[in-house]
Amino acid sequence: MKNFWQQLEKPIISMTPMAGITDSAWRQICKMWGADIVHTEFVSADALHYDSKKTLKMLKYKTSEHPIVVQLFGRRPEMYPKAAKIVESLGVDGIDLNFGCPAKKVAGHGGGICLLRDMDTVKKIVATTIESTKLPVSVKTRMSLNAVQGDPKQGKITVFDFIDALAEFPLAALIVHGRTYETPYTGPVDLKGLKKARKKFKNGIFLINGSFQTVESIVKDLKYTKADGIALSRALYGQPWLFKQIKDYIETGKYKEISDQEIKDTAIKHAHLLWESKGANGFKEMRKHLLFYVKARPDAASLRKQLVAVENPQQVEKIFNKI
Ligand SMILES: Cc1cc2nc3c(=O)[nH]c(=O)nc-3n(C[C@H](O)[C@H](O)[C@H](O)COP(=O)(O)O)c2cc1C
């Protein structure tokens, strides 16, 4: 039987996991605008293994978010069987494994992208997760990490080594962020490298990620790399309608600019969804999204002053209904 990744129409336009961003409210907004798949922020396999209530709370979602994939991180293979079983019991659609995080608190302890230095552990994590769940398992990584000077055991490792190491596994998908460990979030992505990785990866769906700017450039990169789809991240900040615009552009060669009214409606809806899922305590997180929604407006500076102080969706409505 085909897994849900294989049933989706290509190109697949999805989003990546983003800590502090891809919560339930944001995922619902992205689905509303046509995301084919949504990802949770990464959650610790260790925390799930040890029954962390806080982590379980992070995994609450609404039925409108299907298909939804939970991303796990952690460097200890023995944590994954229980974590995978817990994730499966939540009724989500897939599990993604993080082999790309460059953050000190993850990579600094040998996790995320630095796990690629220990391909046996990578394989154990993948094998043990696949064995522990019926859900399709995908992986996310980066183009490469450099050699450690003076240590012959720690040479340069690339996504191609990663693909070779995982060739034997029935992976559902591979998402590659086209930057390296050393250039974590800035600069262009390696499109040539992504295209090569696309050609090499035979196990499942291949999605490219990183540095997407405009509808036109996204579709151009997609065509150039021949990927099965793209996973969007920061390009979505304040413009979740990119999903629809990209799809329209692919289908018809054109797309509609978003109207002021649609921006206001989306921001207000987002505020209500965040309030429903996180309540008063979590609502401050809405402020950063609101600043992105108004960024392109000529009156952005004065709006910003009001939006950084909002405490609830009613205040958001009041501000937006005046403009
Ligand atoms: C705030 C923030 C949080 C992120 N959290 C995660 C995460 O939890 N898991 C993950 O695999 N990547 C994470 N990433 C990386 C993104 O998913 C993505 O690969 C990266 O931002 C490159 O894409 P972009 O240039 O289109 O933004 C994060 C990035 C940012 C900026």
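This is a predicted model: local features need pLDDT of at least 70, side-chain atom pairs count only at pLDDT 80 or more; totals for chains, interfaces and linings use all residues.

Biologist: What's phi like at Lys226?

Modeller: Phi of Lys226 is near 60°, a positive value in a residue that isn't glycine.

Biologist: And is Lys226 buried or exposed?

Modeller: Exposed: Lys226 has 12 other C-beta atoms within 10 Å, and 12 or fewer counts as exposed.

Biologist: OK. What about phi at Asp51?

Modeller: Asp51 has a positive phi too, about 60°, although it is not a glycine. Asp51 is in the loop between helix 3 (45–49) and helix 4. With 10 C-beta neighbours inside 10 Å, Asp51 counts as exposed.

Biologist: Let's zoom out. How many helices and strands does the protein have?

Modeller: There are 15 helices and 11 strands. The radius of gyration is 20 Å, close to the 20 Å the globule rule gives for 323 residues, so the protein is as compact as a globular protein of that length.

Biologist: What box do the C-alpha atoms fill?

Modeller: Roughly 60 × 45 × 45 Å, taken along the principal axes. Of the 323 residues, 43% count as buried.

Biologist: And what share of the contacts joins residues at least 24 apart?

Modeller: 67%, among contacts between residues at least 6 apart in sequence.

Biologist: How is it split into domains?

Modeller: The domain assignment gives domain 1 as 4–252 and domain 2 as 260–321. Their C-alpha centres lie 28 Å apart. The contact between them takes 10 residues from domain 1 and 11 residues from domain 2.

Biologist: What kinds of residues are on the domain 1 side?

Modeller: The side of domain 1 that touches domain 2 divides into 5 nonpolar, 3 polar and 2 charged residues.

Biologist: New topic: strand 9. Why would you call strand 9 largely enclosed?

Modeller: Because 5 of the 5 residues of strand 9 (residues 173–177) are buried, the strand is largely enclosed by the rest of the structure.

Biologist: Which residues cover each side of strand 9?

Modeller: Ala173, Ile175 and His177 are on one side, and Leu174 and Val176 are on the other. Those residues are all buried, and both faces of the strand are covered.

Biologist: Which sense does strand 9 pair in with strand 6, parallel or antiparallel?

Modeller: Parallel: strand 6 (residues 137–142) and strand 9 pair over 5 bridges. Arg142 stands opposite His177 in strand 9.

Biologist: And what about strand 10?

Modeller: Strand 9 and strand 10 (residues 205–209) also pair in the parallel sense, over 5 bridges. Here Ile175 stands opposite Leu207 in strand 10. The chain crosses from strand 9 through helix 9 (residues 191–200) to strand 10, and this β-α-β crossover is right-handed.

Biologist: Where does Thr183 sit?

Modeller: Thr183 lies in the loop between strand 9 and helix 9. Thr183 is partly exposed, with 14 other C-beta atoms within 10 Å.

Biologist: How far is Thr183 from Tyr61?

Modeller: They are 33 Å apart in space, C-alpha to C-alpha, and 122 residues apart in sequence.

Key:
Residues are numbered from 1 along each chain as its sequence is written. Domain bounds come from an automatic or database domain assignment. Two residues are in contact if their C-beta atoms, placed from the backbone, lie within 7 Å. Ala, Val, Leu, Ile, Met, Phe, Trp, Tyr, Cys and Pro count as nonpolar, Asp, Glu, Lys and Arg as charged, and the others, Gly among them, as polar. Helices (H or I, at least four residues) and strands (E, at least two) are DSSP runs, numbered from the N terminus. The radius of gyration is taken over C-alpha atoms; the globule rule is 2.2 Å times the number of residues to the power 0.38. A residue is buried if 20 or more other C-beta atoms lie within 10 Å of its own, exposed if 12 or fewer, and partly exposed in between; C-beta atoms are placed from the backbone. Two strands pair if DSSP finds at least two bridges between them. A crossover is right-handed if, with the strands pointing away from the viewer, the path from the first strand over the helix to the second runs clockwise.
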